[in-house]
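Dear colleague,

Please find below the structure that I am handing over to you. My notes on what was found in it follow directly after.

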Amino acid sequence: MAEKKGFRAKVQRFGSYLSGMIMPNIGAFIAWGIITAFFIPDGFTPNETLNGLVSPMITYLLPLLIGFTGGRMIYDLRGGVVGATATMGVIVGAGIPMFLGAMVMGPLSGYIMKKFDEVFKDKVKSGFEMLYNNFSSGIIGALLAIIAALGIGPVVEALNNGLAAGVEAIVNAGLLPLASIIIEPAKVLFLNNAINHGILSPIGIEQATEAGKSILFLLEANPGPGLGILLAFTFFGKGASKASAPGAALIQFVGGIHEIYFPYILMKPALLLAAIAGGMSGVFTLSLFDAGLRAAASPGSIIAVYAMATPDSYLGVTLGVIVAAAVSFLIAALILRTSKSEENLAEATGQMEAMKGKKSSVAGTLNAGETAEVDALDKTPVETEKDAAEVDKVIFACDAGMGSSAMGASLLKNKFKKADIDIYVNNHAINEIPDDADIVITHKDLTDRAKAKIPTAEHISVENFLNSPKYDELVERLKN
């Protein structure tokens with residue numbers, strides 16, 4: 001059991017790194033998708049000049065951004081610069097968009113630069129620091145770019161082509177719906193990032209470059225299966241699960257935060273059958289209508305899905321979502337109507353967060369009626385408290401700096417506004433916490449990492465990003 005948990009944690013951490021390279025750059029992918037949608041010859045408003053942006057963005061800009069982000073995650077800006085430089089090598093050494101190559105070279109280059117500095121930086125004579133910094137990163141970047149162009153690029157291209165051929169064979173054989181047997185349970189176990197960002201997105205982008213769209217972007221992002229399960233709880237659930245399901249459905253379907261329905265499945269594991277069946281039927285419908293997206297829909301909101309869909313895919317996408325929701329609803333409703341076991345949403349939410357390794361950004365919505373229990377757990381002590389006069393910036397931090405931390409920051413901003421407290425509040429990825437942060441708020445499982453990143457700040461650990469009593473305590477302290 002411990003070995004299985006350790007393996008899952010390693011896969012989750014690997015997926016977190018992949019997600020950390022892709023998620024901050026989703027805006028650039030969406031920008032490429034919008035430009036492609038409007039200005040290619042078959043677009044809404046064809047324009048030969050602006051169509052010239054499409055190929056350079058997919059070939060150079062997006063892989064370089066990923067390589068830079070991957071290097072920066074390992075060794076800040078210095079690692080990012082070397083990561084982007086080395087990524088240029090795999091771009092030149094391959095004949096396809098090098099997203100997988102960027103995911104390899106970015107972190108690898110940052111790691112090599114970091115280790116090189118650990119050996120030589122302290123030995124540099126005073127006054128020669130700038131010379132060392134510029135030439136060491138330049139030389140290492142040049143060497144890695146050459147190695148990548150001559151050796152790594154062709155290898156990654158061959159790997160990418162092999163994966164693409166495998167996916168194409170599965171699609172041609174009509175077996176793509178079977179992918180839901182892996183994807184839907186992987187989502188609930190938080191193992192989907194490794195699959196989604198490591199395999200599906202890179203191949204999907206390549207397919208979109210050639211065909212203008214890819215169904216692979218919809219395998220994980222389709223909000224239909226989760227919506228059907230939450231609607232089943234809305235009509236046939238009991239107690240807290242029934243009361244919270246309508247709000248959860250809105251957050252999942254429109255907000256795109258799919259993890260909000262995971263505790264409902266963990267509460268009744270048989271509902272995995274509903275999620276898998278919904279996913280399979282949705283993928284089958286999408287395949288039937290040859291539907292696809294231009295780029296990744298992130299978050300998996302119906303709004304993002306339609307924004308990235310090609311005009312000839314609107315019908316297929318709509319039916320794919322509806323069919324997936326209907327199938328998962330019917331199966332989940334049958335399971336709920338015939339099940340006699342008690343529903344404990346709070347316990348299931350805790351189980352979900354234990355697997356995730358951190359607090360869920362949406363747990364507060366699910367446990368709205370049980371905040372007393374959560375509050376009782378949320379007693380991690382703060383080592384040092386700063387006076388109000390010392391606090392100018394409060395930062396929320398989570399793995400990607402988007403979901404959990406964004407919702408927590410929004411909540412605290414509102415509390416500050418009501419209390420007439422004029423203090424800057426924002427959210428960041430844990431690897432990008434600004435050096436001038438005065439207070440850093442993280443889930444307790446991430447606090448040690450945050451302290452290592454910025455030991456000079458006051459660190460507040462919370463069990464629940466949306467229900468923590470520490471927010472009110474902080475408001476009172478800063479107000480008084």
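Does Phe 396 count as buried or exposed, and at what relative accessibility? Please bear in mind throughout that this is a predicted model. Phe 396 has a relative accessibility of 0%, and it therefore counts as buried, the cut-off being under 20%.

**Aromatic pairs**

The structure contains 12 aromatic pairs. In one of them, the ring centres of Phe 38 and Phe 44 lie 5.4 Å apart with the planes at 65 degrees, so this pair is edge-to-face. Tyr 471, at 1% relative accessibility, counts as buried, as does Phe 396 at 0%.

**Nonpolar cores**

The largest nonpolar core has 46 residues, of which Trp 32, Ile 66, Leu 216, Leu 293 and Val 317 touch the most other members. Helix H4 (residues 54-93) gives this core its largest share, namely six residues. What does Leu 293 touch, if residues up to four places away in sequence are not counted? The contacts of Leu 293 are Ala 208, Gly 212, Lys 213, Ser 214, Phe 217, Leu 218, Val 305, Met 308, Ala 309 and Val 317. Another core, of 24 residues, lies apart from the largest one and has Ala 248, Tyr 264, Ala 325 and Ile 335 among its members.

**Backbone angles**

Most residues other than glycine have a negative phi. Asp 76 has a positive phi, near 55 degrees, although it is a residue other than glycine. Asp 76 is found in helix H4 and counts as partly exposed, at 43% relative accessibility. Asp 290 is not a glycine either, and its phi is positive at about 50 degrees. Asp 290 is found in the loop between helix H12 (272-288) and helix H13 (302-308). With a relative accessible area of 52%, Asp 290 is exposed.

**Cavities**

How many cavities of 30 Å³ or more were counted? The count comes to two. The largest cavity holds about 40 Å³ of space. Its lining consists of Glu 184, Lys 187, Leu 218, Leu 219, Glu 220, Asn 222, Pro 225, Gly 279 and Val 283. Helix H7 (180-188) and helix H12 each supply at least two residues of this lining. By class, the lining of the largest cavity has four nonpolar, two polar and three charged residues. Leu 218, one of the lining residues, is also among the residues that Leu 293 touches.

With kind regards

Conventions:
Residues are numbered from 1 along each chain as its sequence is written. This is a predicted model: local features need pLDDT of at least 70, side-chain atom pairs count only at pLDDT 80 or more; totals for chains, interfaces and linings use all residues. Side-chain values use heavy atoms; hydrogens and water are left out. Rings of Phe, Tyr and Trp (its six-membered ring) pair if their centres lie within 6.5 Å; planes under 30 degrees apart count as stacked, over 60 as edge-to-face and the rest as tilted. Buried means under 20% relative accessible area, exposed over 50%, partly exposed in between (1.4 Å probe, protein chains only). A nonpolar core is a set of buried Ala, Val, Leu, Ile, Met, Phe, Trp, Tyr and Cys residues joined through side-chain atoms within 4.5 Å. Helices (H or I, at least four residues) and strands (E, at least two) are DSSP runs, numbered from the N terminus. Contact means heavy atoms within 4.5 Å. On a 1 Å grid over the protein atoms alone, a cavity is a set of points where a 1.4 Å probe fits but cannot get out, and a pocket is an open set with protein on both sides within 12 Å along at least five of seven lines; lining residues have an atom within 4 Å of a point. Grid points are joined across faces, edges and corners, and a volume is the space filled by probe spheres set on the points. Ala, Val, Leu, Ile, Met, Phe, Trp, Tyr, Cys and Pro count as nonpolar, Asp, Glu, Lys and Arg as charged, and the others, Gly among them, as polar.
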